[in-house]
Amino acid sequence: MPGGCPSCSAENAPSNVAPIYSRMQSIKPGKLSGDGLLRYASQLPVPRERLVSLGEGSTPLISVAGLGRELGLRRLMIKDERRNPTGSWRDRFSALAVSQHLEGDVTVASAGGEALSASIAAYAARAGLRSVALVDAVLEEGGRVLDAIEWVGGRAVGVVGVEARWTLLADAERTLGWRAVSNRSAPPIGGDPLAIEGYRTIAYEIVEQLSWNVPDLVAVPSALGDGIQGIWRGFRDLADWGVVDATPRMVAVEVGGAVASALAGGKDWVSPSGEVNSLARSLAGVTGTVQTLQAVVESEGLVVRVTDAELETARILLGESEGVWAELGAAAGLAAAQKLSSRGDIPARAHFVAVVTEHGLMDEIGRVPGLLQTVDARVDELLRVLAVRGE
């Protein structure tokens, strides 16, 4: 449902929706086969034979003992999502987003961050579909994000302001019949509900890689909350099926502070942040959604607000201690671990997993001047630019 929950919007508490399955096959340890998302095809909303895949998933869960000693945590691990085909956890989302739209003459469209835009473009190309990405015209005026999208046949158009991008995407979906897969609501609610299901496989993999055990805490960078919501659903699935007897506490890590404010105020809705200026572009913009808050509350988890300086410290430690180069926002889980440990909020024995979401190369996207054309938030302007460029 593109606009999310109608009754929630009527109550001025806009929220995403989640799929309800009439029947889903439970995971049976010891009987799984295959790799990546296909390993869990029976638990996904897209049939195995329709899944558009570039080999995403099956990323390693790595013990980072050296970094753990630095942070005062004896059982610190990272889930290394940099290993996905486009260098980002967004590939799990994109595989399901694109797989829903294989019939007819389709344009798949997004208005998310650079990593999501590049990922959607790659998966659309794999499926033989057109793709259009509405990207932030202010961020370095294009550059490598343009290359990443257009080398695989997609089109990128700049729009000034994140809320303007969402509005234009919603208008294009309604008037042009495009298939929008990222958030297109203001205030934001999150991305395509079925595509979010792809993140459940991160939880499945973590538990399987721990020999069907569950960590104490799982920290996830959280802007609009697609990732943390999907991962939480996966852990909840495993508990409901009786595969595990506990669930971890989810730790949402943000820069803007909207979810932290809602949690502290005892609210069941989130007033999104204003435009967050951060070098961690994956955590910048207008952030904070109900689906993030829901994952934290249901798991009896935590919200940790971090600064760019704390993110940079965590990223440097990860690189120097473990040889892992991460995008600035991707180090958010480790910045949260450092903060929680230094404050004594979690014990040294806690089994803590930080999801490292994107490769450090993502910070290079957009740093070389490009030829990005920009438009106002109007469909006729969008069509004009695409027509000029041969779309």
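1. Start with a pair of neighbours: Arg-200, Ile-202, Ala-203, Tyr-204, Ile-206 and Val-207 of helix 8 touch Gly-230, Ile-231, Arg-233, Gly-234, Phe-235, Asp-237 and Leu-238 of helix 9. Sorted by class, this contact between helix 8 and helix 9 holds eight nonpolar, two polar and three charged residues. Please keep in mind as you look around that this is a predicted model.

2. How do these two helices sit against each other? Two packed helices are described by the angle between their axes and the distance between the axes. For helix 8 (residues 200-209) and helix 9, the axes come within 6 Å and cross at roughly 50°. Helix 8 and helix 9 are therefore oblique to each other. Their crossing is right-handed.

3. Helix 9 also packs with helix 11 (residues 290-298), at an angle of about 35° and with the axes 8 Å apart. This crossing of helix 9 and helix 11 is left-handed. From helix 9, the contact uses Asp-226, Ile-228, Gln-229, Trp-232 and Arg-236. Helix 11 brings Gln-291, Thr-292, Gln-294, Ala-295, Val-296 and Glu-298 to the contact. The classes here are four nonpolar, four polar and three charged residues.

4. Now move to helix 3 (residues 90-99) and helix 4 (residues 114-127), where the packing angle is about 45° and the axes lie 9 Å apart. That angle makes helix 3 oblique to helix 4. The handedness of the crossing of helix 3 and helix 4 is right-handed.

5. Which residues of helix 3 and helix 4 meet? On the helix 3 side they are Arg-90, Asp-91, Phe-93, Ser-94, Ala-95, Ala-97 and Val-98. On the helix 4 side they are Ala-115, Leu-116, Ser-119, Ile-120, Tyr-123, Ala-124 and Ala-127. Counting by class, the contact of helix 3 with helix 4 has ten nonpolar, two polar and two charged residues.

6. Next, look for the largest pocket, which holds about 820 Å³ of space. It is lined by 45 residues, and the closest to its centre are Gly-112, Gly-113, Arg-281, Ser-282 and Ala-284. By class, the lining has 19 nonpolar, 16 polar and ten charged residues.

7. Here is a backbone detail to find on screen: the peptide bond from Ala-186 to Pro-187 is cis, with omega near 0°. Where is Pro-187? You will find Pro-187 in the loop between strand 6 (179-180) and helix 7 (193-196).

8. Finally, take a look at Ser-58, which has a positive phi of about 55° although it is not a glycine. Ser-58 is in the loop between helix 1 (6-10) and strand 1 (61-63).

Definitions and conventions. Residues are numbered from 1 along each chain as its sequence is written. This is a predicted model: local features need pLDDT of at least 70, side-chain atom pairs count only at pLDDT 80 or more; totals for chains, interfaces and linings use all residues. Side-chain values use heavy atoms; hydrogens and water are left out. Axes are lines fitted to C-alpha atoms, for helices over the stretch in contact, and angles run from 0 to 180 degrees between N-to-C directions. Helices (H or I, at least four residues) and strands (E, at least two) are DSSP runs, numbered from the N terminus. Angles under 35 degrees count as roughly parallel, over 145 as roughly antiparallel, 65 to 115 as roughly perpendicular and the rest as oblique. A crossing is left-handed if the near helix is turned anticlockwise from the far one by less than a right angle, and right-handed if clockwise. Contact means heavy atoms within 4.5 Å. Ala, Val, Leu, Ile, Met, Phe, Trp, Tyr, Cys and Pro count as nonpolar, Asp, Glu, Lys and Arg as charged, and the others, Gly among them, as polar. On a 1 Å grid over the protein atoms alone, a cavity is a set of points where a 1.4 Å probe fits but cannot get out, and a pocket is an open set with protein on both sides within 12 Å along at least five of seven lines; lining residues have an atom within 4 Å of a point. Grid points are joined across faces, edges and corners, and a volume is the space filled by probe spheres set on the points.
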